Structures are given as structure tokens and as C-alpha cells.
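Please open the structure in your viewer and keep the selection tool at hand. The stops below concern contacts between side chains.

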Amino acid sequence: STVVWGLKYTYKVRSVDASGPSHRSSTVSIVVRAPSPKIEKIEVDTAAEEIPTFGIYWTKIPGVIGYQIRRENVTEQTGFRKIRTVNDWSIGNLADTSVRWGLSFRYTVTAIDKAGHTHCSDPFRTCFRAPAPKLFRTE
């Protein structure tokens, strides 16, 4: 397909029959918007004891110029804040290391097309508990 997300396309239509061509239609314009990405999953790196790492994975949208990832701390009611912009459509994940155990978070991923239009995913909510402490032996 030669259609590019975010660009404006303008069309006029003319029909042709045995009598010849008709007059052209009025002009119709359309901006083709990219679909919204979908957050597929959020995983936690359980090896991290002090600082957790959340892996956020979303559907990639070919043809967009990138994504903006936002996070809301639901527990502390911070509202959504941008945590990163990814300037490559082919990247579909992000490691978030700026979170704490035991808090509830919501994430959104927004696709950005060539005209700068944005298309936001539905929020994805997660809360990870701290891992159980490691057992140790004394002798």
C-alpha cells in the first residue's frame, strides 16, 4: 500500500460511460490515521530485589514514526506522565526501571504518525508485589 499514516489525501471522482465522462465530483479529503497500539503484556523482572524492572510490550504499527509511553501511579494519584518517547516504529517494548514494588500503575502507549497525530492505547493496569525474601542458612 502507498498510503502513509497521518497524511491528507484529496480525491475527485469522474465516471465514464458510453456518453463520455461525467463532471467531476466535489473534492473529498481524508486523513488516514494509524490504528492505536495495544499493550499486550507487562512483565516484571523478578531477579530485581531493590528496584523492579517492568517490561512493557505493545503491538507495533508499521509506518508510524514512534511511540510515547505514559505511566500513571494509581496509588499516589499522579495522573499520566510521559516516561519515554521511542523514535522507531519497529520497537515494541520498553523497560521501565523507575517504579517501586507494591504500587499500582497504569500505562498507555501512543503511536505518533508523520503528521504528528497521536493515537493512544487503552490503559493497562498492573501492580506487582515485592518478591519473597531469599532464605539464607546460618551454620
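Begin by selecting E43 and K41: they form a salt bridge whose closest N and O atoms are 3.2 Å apart. A salt bridge here is a side-chain nitrogen of Lys or Arg within 4 Å of a carboxyl oxygen of Asp or Glu. This is a predicted model, in which local features need pLDDT of at least 70 and side-chain atom pairs count only at pLDDT 80 or more, while totals for chains, interfaces and linings use all residues. Residues are numbered from 1 along each chain as its sequence is written, and side-chain values use heavy atoms, with hydrogens and water left out.

E43 is partly exposed at 37% relative accessibility, and K41 is partly exposed at 38% (buried means under 20% relative accessible area, exposed over 50%, partly exposed in between; 1.4 Å probe, protein chains only).

Next, select D96 and R71, a salt bridge with closest N and O atoms 2.6 Å apart. D96 lies in strand 9 (residues 93-96) and R71 in strand 7 (residues 66-73), 25 residues apart; strands are DSSP runs (E, at least two residues), numbered from the N terminus. Both D96 and R71 are buried.

Finally, select E72 and R106, whose salt bridge has its closest N and O atoms 2.7 Å apart. E72 belongs to strand 7 and R106 to strand 10, so this pair ties together parts 34 residues apart in sequence.

How values were computed:
Helices (H or I, at least four residues) and strands (E, at least two) are DSSP runs, numbered from the N terminus.
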